[in-house]
Amino acid sequence: MKRPNILLIMADDLGFSDLGCYGSEIRTPHLDTLADHGIRYTQFYNSARCCPTRASLLTGLYSHRAGIGHMTRQPYNPHFFENTRPRPAYQGYIHPHTVTLAEALRPAGYHTCMAGKWHVGSDPGNHPTDRGFDRFYGLIDGSCNYFKPEPFKQLLDGTLPADTDHDDFYTTDYFSNEACRYVNEAHPQQPFFLYLAYTAPHWPLQAWPEDIDKYKDRYRVGWDLIREERFARQKQLGLFDDSVRLSERDPECLAWDSLSCRQQDGWAHRMAVYAAMVDRMDQGIGRVVATLKAKGELENTLICFLSDNGACAESYNNILNVSAGPADSATGVWLPWANASNTPFRLFKHWPHEGGCCTPFITHWPARITTPRTERRYFAHVKDLMATCLDLADAPYPTQNLGSATPHHDSVSLLPNLLGEASENPEDLIIEHKGNRLLRSGDWKLVSYYSEPRGYRRHDGGLGQRTAP
């Protein structure tokens with residue numbers, strides 16, 4: 001049999017419970033189908049923020065060893081490090097001497113392509129086509145306007161500015177389109193590695209009206225009931241046993257019933273837009289899967305889906321408004337709905353508690369995963385995808401890259417667990433972000449705040465002052 005194709009799909013700021021197969025009311029039939037015929041994990045970890053997670057995924061290293069222990073350094077903000085020379089662990093782009101998945105798989109005969117968000121180095125020389133990818137269409141920096149990407153965000157087609165002047169332009173759709181094109185153009189005798197990294201559902205909240213309409217009334221019941229409904233479905237799906245309890249509502253989130261009808265309308269609309277963004281991403285994934293099937297490649301393609309961190313409680317422009325949806329929207333989902341997205345966990349993106357760093361993780365590979373299951377015991381981390389992909393490709397880990405010796409990766413292959421040959425991970429897991437730390441060893445997890453999070457996420461006046469009219 002030909003070595004398997006590898007498709008890694010990453011969402012941005014997606015909460016643990018935001019997919020139907022993880023308890024959500026959001027319509028995600030295509031991801032649900034992958035989960036129903038594959039493996040869904042309940043203890044898979046990221047690095048609690050977008051760029052450190054992406055650095056670990058791409059290099060198989062802990063993010064500090066890869067060079068992004070904090071955030072990326074943007075070329076339009078040269079004083080990010082206050083005119084001091086950054087330490088290697090915090091330089092803000094992946095080290096040249098590291099090896100990316102693309103750089104490891106291309107010498108092994110894989111065609112390598114990427115569509116979506118890069119966010120591990122913005123300066124020339126640090127782009128995907130500089131780091132092993134044969135083809136690239138996507139965003140070099142972080143988030144952008146979905147309908148009208150800002151020029152300084154560097155949306156590129158290969159190495160040239162992408163053409164976004166189309167009435168139907170929406171980044172999620174175009175990332176899906178490019179992924180389909182790469183699959184269609186793949187040579188039948190050459191395996192491919194495709195990294196599809198969506199920006200959805202990261203702020204700003206922007207979605208097509210027809211998708212928003214599907215959810216226009218769904219969230220009027222409020223976040224308290226949504227959390228309870230999602231947790232009940234999670235129990236029905238077998239994600240958690242009876243010993244697990246739903247976390248308390250976050251202390252900075254008011255009870256839904258304490259809001260006025262006008263406030264409830266604004267908050268319900270906000271979540272409807274967020275749901276529409278997740279829905280549209282699932283539609284795109286469905287088209288990619290259909291393209292694989294039409295090409296006869298679905299059977300022998302390992303598909304992995306995950307999120308870069310938990311749901312985001314951070315404010316965006318510190319303004320609550322009801323303009324969520326159109327191209328001029330400049331707002332986020334905010335803490336109360338992020339609390340629901342991370343059901344049943346507590347805290348959010350930024351913190352190493354489960355709500356910040358535990359991601360839905362789905363694997364689908366019909367050729368080898370023939371018994372669907374929910375994996376509740378095995379825990380792993382995004383860094384482990386490097387060793388997994390090398391195992392699948394029967395490829396060595398390069399000892400040299402770009403003229404320098406490479407650091408040995410921190411990755412542990414998931415293949416024994418995927419094939420049902422290992423039920424426990426003997427490795428310890430250590431994560432740090434902005435001084436917040438976790439240590440996971442077996443069934444024990446130790447977490448530490450850099451500072452108590454209360455007040456960090458509060459926008460002006462809580463929910464009572466500058467709320468949605």
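User: How far apart are the mean positions of the positive and negative charges of the protein?

Analyst: They are 2 Å apart, for 48 positive and 56 negative charges. Lys and Arg count as positive and Asp and Glu as negative, with His and the chain ends not counted; each charge is placed at NZ of Lys, CZ of Arg, CG of Asp or CD of Glu. This is a predicted model, in which local features need pLDDT of at least 70 and side-chain atom pairs count only at pLDDT 80 or more, while totals for chains, interfaces and linings use all residues. Residues are numbered from 1 along each chain as its sequence is written, and side-chain values use heavy atoms, with hydrogens and water left out.

User: How many helices and strands are there in the protein?

Analyst: Helices (H or I, at least four residues) and strands (E, at least two) are DSSP runs, numbered from the N terminus. The protein has 12 helices and 16 strands. Its radius of gyration is 21 Å, close to the 23 Å that the globule rule gives for 469 residues, so the protein is as compact as a globular protein of that length. That radius is taken over C-alpha atoms, and the rule is 2.2 Å times the number of residues to the power 0.38. The C-alpha trace spans about 60 × 50 × 45 Å along its principal axes.

User: What share of the residues in the protein is buried?

Analyst: Buried means under 20% relative accessible area, exposed over 50%, and partly exposed in between (1.4 Å probe, protein chains only). Buried residues make up 62% of the 469 residues.

User: Which residues does the salt bridge network link?

Analyst: A salt bridge is a side-chain nitrogen of Lys or Arg within 4 Å of a carboxyl oxygen of Asp or Glu. The whole structure holds 29 salt bridges, and one network links D173, E210, D211, K214, D279 and R280. In the pair R280 and D173, the closest N and O atoms are 3.5 Å apart. R280 lies in helix 8 (residues 261–294) and D173 in helix 5 (residues 171–185), so the pair ties together parts that are 107 residues apart in sequence. Both residues, R280 and D173, are buried. D211 and K214 also form a salt bridge, at 3.6 Å from N to O; D211 is buried at 2% relative accessibility, whereas K214 is partly exposed at 33%.

User: Where do E103 and R131 lie?

Analyst: Their side chains meet in a salt bridge of 2.8 Å, N to O. E103 lies in helix 4 (residues 101–105) and R131 in the loop between strand 3 (111–117) and strand 4, so the pair ties together parts that are 28 residues apart in sequence. E103 and R131 are both buried.

User: How should I read the backbone, and which peptide bond has omega near 0°?

Analyst: Most residues other than glycine have a negative phi, and most peptide bonds are trans. Here the bond from A200 to P201 is cis, with omega near 0°. Another cis bond joins W203 and P204, with omega about 5°. P201 lies in the loop between strand 7 (192–197) and helix 6 (209–213), and P204 is in the loop between strand 7 and helix 6.

User: What is the phi of L347?

Analyst: The phi of L347 is near 65°, a positive value in a residue other than glycine. L347 sits in the loop between helix 9 (334–341) and helix 10 (354–357) and is buried, with a relative accessible area of 4%. Q154 likewise has a positive phi, near 60°, and is found in the loop between strand 4 (135–139) and strand 5 (155–157).
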